[in-house]
Amino acid sequence: MRRLFIGRRPSSVIISLFVSAACLFLCGCAGAGSAQTVEFFAMDTVMRVTTYGKNARAAAQAAQAEVTRLDALLSVEDPQSEIYRLNAAGQAELSGETAALLHAALDITEMSGGAFDITVYPLMKAWGFFSGDYAVPGEDELRELLALVGSDKLIFEGERLNFGLPGMGIDLGAIAKGYASDRAAEVLAENGVSHAMISLGGNIKAVGTSPEGRPWRIAIRDPLDAEAFAGIVLVSDMAVVTSGGYERYFERNGTRYHHILDPESGMPAQKGLLSVTIVCPSGTLADGLSTALFVMGEADALAFWHAHKELFDAVLVTDDGRTLVTSGIAEAFSTEHGFEVVR
Ligand code: ADP
Ligand code: MG
């Protein structure tokens, strides 16, 4: 089976003296001239691909087509998609690509001790996150739904997948945009583009450097203020992916319920983190781990980083106002507030 991510330290994170204004992810691109941006809606979010150089426009359009193809393949809501049909039938012969992505997801489930688990689908449905018909499931309902959650209940025979129990389902929402960003970057490379910025609803993939050869400046949103930044990180050839409870949520009786669920309790994960940003070469891994570490909470997330620091770096924003930055990107990170370096 093809592996979708390889363990590599984000060694190309570069320190730069060019941090200044707080504009969104942005090079100071004056003089780059040939920038081309395509903006489109897919995977339930706004996506933007900005490319530079000779074949910029055609390349960006090819990347858009690739992301649109993946949306049609992986959507839980599109009756034509492979995932929708799998969930409806409880079994399917998977395409090689979907099988590979599922195995990448299972690897992250195993690494994360189950904090990340694509079988949360029945829970997501009960909470109303697909339909928009929000509801807080009662204790009995949660108990019944939790019996259907757990990737260990997925039965693979080659590329045939069977659900161990009727009512199970899978949801690739926590990894699909990251995978799409990796594929979009590959398509750009095939089209001769070596400087680009891919932003798929907050899943950033910085391709190469800026056209002037400087690192890309990626702004990490302040989870409490959509207009402000928690910080800026300077990267080249790197995915930067943030998960947070502020992205999708509803309110009932004064309580806010968000869309990242703890597979153990079936409830929105609430372990002291407002957002988790992962920085690593693979968008797939960054997306999966941003969700996983958010579910884990600060102590487990930091223990996980210590055990896997060759794979990724992270920025954690806690609900008591601290910003924690792991040592591999500490020098590439800047903020107007203070931050603690995790070593
Ligand atoms: P976003 O999609 O908003 O960028 P995430 O990458 O964190 O944020 O993915 C959240 C989505 O992943 C949810 O909308 C749901 O589809 C799915 N999901 C929720 N909880 C989990 C979990 N513990 N493990 C895996 N997938 C999850
Ligand atoms: Mg994710």
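In the predicted model, a polar side-chain atom of H259 is placed 2.8 Å from an oxygen atom of ligand 1. Two further side chains approach the ligand through polar atoms. An N or O atom in the side chain of D171 lies 2.3 Å from an oxygen atom of ligand 1, and the corresponding distance for the side chain of T291 is 2.7 Å, again to an oxygen atom of the ligand. Of the 560 Å² of accessible area that ligand 1 has on its own, the protein covers 97%.

The shell around ligand 1 comprises 19 residues, of which D171, S243, H259, L261 and T291 are the closest. Helix α7 supplies three residues, the largest share of the shell.

The fold contains an open sheet of nine strands with mixed pairing, arranged in the order β1-β2-β6-β7-β10-β13-β14-β15-β17. Strands β1 (36–42) and β17 (340–342) form the edges, each pairing on one side only. From one strand to the next, the twist averages 15°. Within the sheet, β10 (residues 238–244) and β13 (residues 273–280) are antiparallel and are joined by six bridges; V240 has V279 of β13 as its bridge partner.

Two helices pack on this sheet. Helix α7 (residues 283–296) touches β7, β10 and β13, and its direction makes an angle of about 155° with that of β13. Helix α6 (residues 176–190) is in contact with β2 (45–51), β6 (196–200) and β7 (203–207), with an angle of about 155° between its direction and that of β6.

Notes: Residues numbered from 1 in each chain as written. Chains lettered and ligands numbered in written order. Predicted model: local features only at pLDDT ≥ 70, side-chain atom pairs only at ≥ 80, totals over all residues. Heavy atoms only, no water. Pairing = 2+ DSSP bridges. Helix = DSSP H or I, 4+ residues; strand = E, 2+ residues; numbered from the N terminus. Axes fitted to C-alpha atoms, helices over the stretch in contact; angles between N-to-C directions. Contact = heavy atoms within 4.5 Å. Near = heavy atom within 4 Å. Polar contact = N/O pair within 3.5 Å; in protein donor to acceptor, adjacent residues only side chain to side chain. Areas by Shrake-Rupley, 256 points an atom, 1.4 Å probe, with all protein chains shown as cover.
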